[in-house]
Amino acid sequence: MSGTRREVPNDPGRRDRILDAALDVISEAGVHRTTHRKIAERAQVPLGSLTYYFGGLDDLLAQAFARLADTMSELYRATLQKAASAQEAEAAVVDLICGPAYATARDMTLIFEMYAYANHNPAVATTTRAWLHRSRESLALHFPPQVSQALDVLVEGWPMHRTFNRTPPDRALVAATVHVIVTGIPASSGT
């Protein structure tokens, strides 16, 4: 039937608001304390909206984490695409590690939650693997595969240490480490 209410949503941004609200709730309460009710309250939508757009809480969380991964991947790639030389590419990696433009404290909390939830949710595990692949593809704009893999591990790990230490990393040490990886891994080494 043409012209039915179902064809024309009265709140076209509602689904995105729900996903954003889910990420807010996860960052504040953790996945284990995230509920439909908390998400609906944060999104300022009726509780029934969540079941209209999503096939349950697991589906909603999986789609919220997919949104996070897409957003972070786009920022990761944009940071590396701006680099016009090898030195700029190394500096871009340092910027990704030292943050906070790439990974704010909220982002890091969400990343931790996503990684933990990926152990229990196949859809989120797939999203996480795809995110890692996209990160390495972005690094491959400037670096060979083995170097891209090593740098990606560094980009993932160092911000975790930064978060738990609650201190910014020593930018000079990060830059030196990135340079050693870029110049020290032979192009023919295995992955």
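Colleague: Thanks! At what angle do the axes of helix 5 and helix 9 cross?

Modeller: Keep in mind that this is a predicted model. Helix 5 covers residues 86-98 and helix 9 covers residues 171-184. Their axes come within 9 Å, and the crossing angle is roughly 130°.

Colleague: What do we call helix 5 and helix 9 in relation to each other, and what is the handedness of their crossing?

Modeller: Angles over 145 degrees would count as roughly antiparallel, and 65 to 115 as roughly perpendicular. The angle here is roughly 130°, so helix 5 and helix 9 are oblique to each other. As for handedness, the crossing is right-handed.

Colleague: Which residues make that contact, and how do they divide into nonpolar, polar and charged?

Modeller: Helix 5 brings Glu90, Val93, Val94, Asp95, Ile97 and Cys98. Helix 9 brings Arg171, Val174, Ala175, Val178, His179 and Val182. Sort them by type and you get eight nonpolar, one polar and three charged.

Colleague: I spotted aspartate 95 and arginine 171 there. How far apart are the closest N and O atoms of their salt bridge?

Modeller: Here's the idea: side chains of opposite charge can pair when their charged atoms come close. Arginine 171 sits in helix 9 and aspartate 95 in helix 5, so this pair ties together parts 76 residues apart in sequence. Both partners are partly exposed, with relative accessible areas of 40% for arginine 171 and 35% for aspartate 95. The closest N and O atoms of the pair are 2.2 Å apart.

Colleague: Which helices does the salt bridge between arginine 134 and aspartate 70 tie together?

Modeller: In this pair, the closest N and O atoms are 2.6 Å apart. Arginine 134 is partly exposed at 30% relative accessible area, and aspartate 70 is partly exposed at 34%. The two are 64 residues apart in sequence, so the bridge ties together helix 7 and helix 4.

Colleague: And which residue of helix 4 pairs with aspartate 20?

Modeller: Aspartate 20 is in helix 1, and its partner is 47 residues away in the chain. The two side chains meet in a salt bridge of 2.8 Å, N to O. The partner in helix 4 (residues 57-81) is arginine 67.

Colleague: How many salt bridges are there, and which residues do shared partners join into one network?

Modeller: The count comes to eight salt bridges. Some of them share partners, and the network joined that way is Asp24, Glu28, Arg42 and Arg106.

Colleague: Is serine 138 buried or exposed, and what does it touch?

Modeller: Serine 138 lies in helix 7, which spans residues 122-139. Its relative accessibility is 3%, and the cut-off for buried is under 20%, so serine 138 counts as buried. Leaving out residues up to four places away in sequence, serine 138 touches Tyr76, Arg77 and Leu80.

Colleague: What about arginine 14: buried or exposed?

Modeller: Arginine 14 is in helix 1 (residues 14-29). Beyond residues up to four places away in sequence, arginine 14 touches Val45, Pro46, Ser49 and Tyr53. Its relative accessible area is 19%, which is under the 20% cut-off, so arginine 14 is buried.

Terms used: Residues are numbered from 1 along each chain as its sequence is written. This is a predicted model: local features need pLDDT of at least 70, side-chain atom pairs count only at pLDDT 80 or more; totals for chains, interfaces and linings use all residues. Side-chain values use heavy atoms; hydrogens and water are left out. Axes are lines fitted to C-alpha atoms, for helices over the stretch in contact, and angles run from 0 to 180 degrees between N-to-C directions. Helices (H or I, at least four residues) and strands (E, at least two) are DSSP runs, numbered from the N terminus. Angles under 35 degrees count as roughly parallel, over 145 as roughly antiparallel, 65 to 115 as roughly perpendicular and the rest as oblique. A crossing is left-handed if the near helix is turned anticlockwise from the far one by less than a right angle, and right-handed if clockwise. Contact means heavy atoms within 4.5 Å. Ala, Val, Leu, Ile, Met, Phe, Trp, Tyr, Cys and Pro count as nonpolar, Asp, Glu, Lys and Arg as charged, and the others, Gly among them, as polar. Buried means under 20% relative accessible area, exposed over 50%, partly exposed in between (1.4 Å probe, protein chains only). A salt bridge is a side-chain nitrogen of Lys or Arg within 4 Å of a carboxyl oxygen of Asp or Glu.
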